[in-house]
Each structure stands twice: as C-alpha cells, then as structure tokens.
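Please read these notes with the model open beside you. They cover a helix pair, a chain contact and a single helix.

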Amino acid sequence: MGAPTDAVHAKRVVERLYTSESIADVDYTRDLGDPGQFPYTRGIHASGYRGKPWTMRQFAGFGTPEETNERYRQLLKEGGTGLSVAFDLPTLMGRDPDHELALGEVGKCGVNVASLADMEVLFDGIDLGAITTSMTINGPASIILAMYVVAAEQRGTDVRALSGTIQNDILKEFIAQKEFIYPPRPSMRLVTDVFAFCAEHMPRWNTISVSGYHIREAGATAAQELAFTLRDGIEYVQYGIDAGLDVDAFAPRISFFFNSHSDFFEELAKFRAARRIWARVMRDRFKAKSPRSWQLRFHTQTAGVSLTAQQPYNNVVRTALQAMAAVLGGTQSLHTNALDEALALPTAEAATLALRTQQIIAEETGITDVVDPLGGSYYVEALTTALEKEALEYFANIDAMGGMVPAIERGYPQREIAESAYRSQKAIETGEQVIVGVNRFTADGETPISTLYIDEEAQNRQLARLEDVRRRRDAGRVRTALDALEAGAMNGTNTMPLLLEAVRAYATLGEMCDSLRKVWGEYVEDAII
Amino acid sequence: MHQRIRVVIAKPGLDGHDRGAKVIARALRDAGMEVIYTGLRQTPEQIVSAALQEDADVIGLSILSGAHMHICPRVVELLKEKGLSGVLVVVGGIIPDSDVPKLNAIGIEGIFQPGTPMQTIVEFINRHARARVAADS
C-alpha cells in the first residue's frame, strides 16, 4: 500500500522510514522527560501500570434504572473496576419521560433518570464510597451530579469520599454531539459552578471530562480531535480563572476523554502529544504551580464509528487493536466497545467479551510491564511532534477568533469536522480507505447476530414512577426550591446548592431544566452542511 | 415547477448525531439535487411542513436513536393528510432488520442501514423520484 491520503492524513505525509534524523529536534529532557516528569510525554506516573493498572470502565445503561442496575452488578462481578452511566436522550436533553419530545426515546439509548427516585434504584446495593462512577451527561450535568450526591448522603456515604467523573463538557456538545440545552455562555456558567462547588466539597471528584471522543466520532481527524479537545480545555480553565477561582484549586480535577481509532501509531502518538501540550499550556500559559495541574489524565473509548454492521465479529479485532493503542499511550481508564454496537446497544454476552478484551491485554500480553514501551521510537516521536504542531496551529486560529466560545458561535470547528467527515466517507467509497468487510473482502449472505431490543415497557415503567414521585412529594417544598433555583440563575449565585435542595425535594430533571430555560432560553444551532 | 430533485433532509427526535445527515446532504447536493437540511430536533409536523413549503420530492429522515417506529409512521400519516402522498420518504440510521418489514408495510422502501454507500442512496432517490420531477415539470 502507498502512503495514505485520506482525510486522517490530509496534511501529513507518512514516510517509508523514520531515522534519528526524523527526531533531531527532539530534546529528551525538554520534550519527553522520564515518566512522571514534566512534560509527561512518557506518562504521568513513574511506575506506569506496575503501580496501578488502568480502570476497566465499561459504559452501560439502557431501559429502566432496575435493568441497568442489574447490568452494573454483572460488570462488577465479572471484574469491571468502575462504573460508567449511559443516559437516554430525554435525560441528556433535560426532559421528563412524559414530555412530547421524549416519545419513543425513553430508555432506548441509555438509562432514563428523571428524579432522585431513579438514582436511588440505579445504584441500589452498590457501595458508592467504594467504587468510582463516571456519568456521561452534559447539559443537565450539575443536576445529575446533585442527584448522585443526595443518593450518597441518604445512605450515609461521606460526600467528600465520592470519586468519579461527571462529563460536564458542554463545548463539545456545541461542536459535535449536539446535546445542548441553553446557549453557550450560561452553559459555561453551570460548568464553573461545578468547578467551584467540587473544589470545596468533593476533592476526589473529576469535575469535567473534556471530550474528544464525540468530536472524533462526528468526523474529526486525529489532529482535529487533539486540537479541539485541548482548546476546549483551555477555554474551561480560562472561564474558571475569570470566575475568580485559583487555577491550582480546580485544574487538577479536570480530566480528558479521547477516542482510540484504527490508525495504531497515530493514536498512541496522539495521547503522548496531548500530555505534552497540556503540561506546557498549564505551566506556561496559565502559570499553574502545582504539578497536578500540569498532568493530563484521560479516559479512552475505542472508536464506535469504526464498528461495522457487516461481519460484526471483525469488530472484536478492531477493538482489541484500538485498546492496545490506548494502553500503549498510557490511558488511565478504558472502555472497549462490543462487537454488536453498530447495530444496537450490546447484549450481556457482547459486553462481557469487550471487557475480556481488556483483561487479556492487561494480563497476557506483557504490555503493562514497561512504562511507555514505544518511547524513543523514531516514528512515534516524530508523529507525536507532528500532531503537537498541527494542534498548535489550530490553537492559533481559535485564539485569533477570541477563544473557543466565539469560534463555536461562528461555526468554525463544526465546519472543519463536517468537511473531514465528508472526505472520509468519500475515501471509503472510492476504496482509497479500506474497511474490511465493507469495501473489501465482503461476503454475501451473512448470518445475522442476535441483538438487544429495548421495548416500550421501559417508557411505561418510567412514566409510572414519575407519576408516583409527583404524587408523594411535598409540592410546596418543590415550588420553593425551583423558585430559588430560578432566582439564583438570574442573580449569579452558585447553582449547585440550589440544585441539591431541589433534588432533595424530588423536583424532576425536566422541572429543574425548565426553571433554567426560563432564565436562559434554549439554544438553536444554525443548520450547517 | 422544478427540474432538479428537491430533498428535505431531516433529523427528527432528540438525537443529535448529525454526521450521517450532513454527509448525505452533501452527497445528494454533489449528485445534482437541491438539498434543504432542517437541522436538529424536528417534529414530524415541522418536517412535513418543510416538505410542503419547499415543494420537496423527497424526505430523508436520519434516525439513530431507536425512535424510528414512532416517527416514520407519523410522517407518512401527515403526508397523507396534507395530500402529499407522492413525496418519497427514505430513512437512514440504526434500523434493526426486524423493523424493515414494518416500515415497508407503511410504504417506506428506502431504508438505509449502517454501512450503506452514499452512491446507493443517490441511485435509489434518482430512480424513485425522477418520475415525480418529470411529471411536475
């Protein structure tokens, strides 16, 4: 095969051979450093995975909180070491299950959580002080975090001991995933409210997971994923500082989330470049003093978009290779996709096989014995430097626009990504980019695999519980809490304590979001093609 | 009165994954069609009303959330109510095999599951919508 020319490598030529000349400009101490040393290109821990293996965190959620709770218990029993909640679209959009837009969507893409009553069931029988939980939600992130906190309080778990992550990354929603509620600027206020609240009350909680995953899935190249994600990170730090927070008080709790796609070396170089860029940004641009502010910690998920409906067993192999790239890149936690996810949410068997893939890498391959085993490879170091350079070029463009919020408002990252997505699809159709089983080595008459089917029962059960909650709660207390929330949104008080009170009163997710919608309105994006 | 096939590409439901919708919109435009993209979170009512206003020959629905069995029948029903039964409805996204016959039964033949080449969709629309355009002009 010749040099790839698809969108992923739009600007970068891959040479036949890399030599010491390819990395003549790389200075070990300045640009790499030993693992645990600035700029952390080789990893943030001196001991690598010998000290602590990555967390095997499988993203899961479907139907009712009861069904999802059962899947969590299964994943923990099979050796999973952290939980990761997938919410359905009504929850992600801040709508109760009885809203007209929720019709047909309840429990389909994740679990439905409409009030504290659902959160109680979701983690029933699971010790919140002993596990770490990641929750993938953005528009209503602070509301869901408040529900988790109150669920822990009710059982007597020390809130300061809670550990986990709330995604809370609204910028990439505007850029890629499009699950936004309010306009960008008030949305950023909710994010910094979480930073401030957690800095004081939840020292072990990751207040944001700045996500490239969805940016990549929407069509970005590796360099675009790296650039837009880290530039989003810069925007959050700037907003935190502008909100009056000390950078070293909140920056150490910022975490990241990347995609691991199919171009093996490019991916693992991307992770290494991300650490180097972030360390320099935090120390030099923001003058952070704490090494913990300089260290980029990240979660990785293998590329959902690389999964094919055709010959689905091929996906096991793709996922294993992508997972290896993430491990070689030094990820702190990992989700491996299941083979059936181009077709549906995974069956229990497929989800277990995905977890086994990680366990085989961790226990059988020997990859975990050595920290950054590919450090010093001519190709890997040259690629790391090239990706860093490409990302910094994007930073300059976005800085010139006044930052990521203005860049988003004018549709810049959205357009860049749509362009890459179209180029990539064309490359697949011309056969320039090979996808085994899709445009080469295809087969006729494949036997369909069995997939998970979510019926309408989840919707009925969620509607029944919602009605029950509304009947049993103290309506006066709910009204008072919602009024206080609305007033707080207007006058600039931190919204987190107000949300905690509304959650304790069993206000619903939709009601809390409506209070904020009244103040801030809803965001409608320009349809760009 | 128009010569070129006019297509409304719509994203109904709450799902914001618009990569497919945008890629298809561009592919149809590059194939010489006139494409109107509605943007996100359109109700069936809004979609049909856009089709009416735009004098569309085709409505392309992109649905990845699993809500297709709620949305597609509603769009077909509203088209009938408005006397727009001649509008070709096609749907792309995560549509399980088991739902394909159910969608066929309400008159939707163009169902494009994951991995469908853009060219297949262009050809399908060209084949099925040309008659309408010819009759119109």
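**Notes on the model**

1. H20(A) and H22(A) cross in a right-handed way; a crossing is right-handed if the near helix is turned clockwise from the far one by less than a right angle, and left-handed if anticlockwise. Helices here are DSSP runs (H or I, at least four residues) and strands likewise (E, at least two), numbered from the N terminus. H20 spans residues 475-491 and H22 spans residues 509-520, packing at about 35 degrees with axes 9 Å apart. Axes are lines fitted to C-alpha atoms, for helices over the stretch in contact, and angles run from 0 to 180 degrees between N-to-C directions.

2. This is a predicted model: local features need pLDDT of at least 70, side-chain atom pairs count only at pLDDT 80 or more, and totals for chains, interfaces and linings use all residues. Residues are numbered from 1 along each chain as its sequence is written, while chains are lettered from A and ligands numbered from 1 in the order in which they are written.

3. Between the chains, 28 residues of chain B are in contact with 33 residues of chain A (C-beta atoms, placed from the backbone, within 7 Å). On the chain B side, H1(B) gives the largest share, five residues.

4. Helix H6 of chain A covers residues 141-154. Of its 14 residues, 12 are buried (20 or more other C-beta atoms within 10 Å of the residue's own, these atoms being placed from the backbone). Among the buried ones are A:Ile143, A:Leu145 and A:Tyr148. The buried residues of H6(A) pack against elements of chain A including H8 (184-201) and H22.

5. Just after H6(A), A:Gly156 has a positive phi of about 80 degrees.

Technical notes:
Two residues are in contact if their C-beta atoms, placed from the backbone, lie within 7 Å. The expected span of a helix is 1.5 Å times one less than its number of residues.
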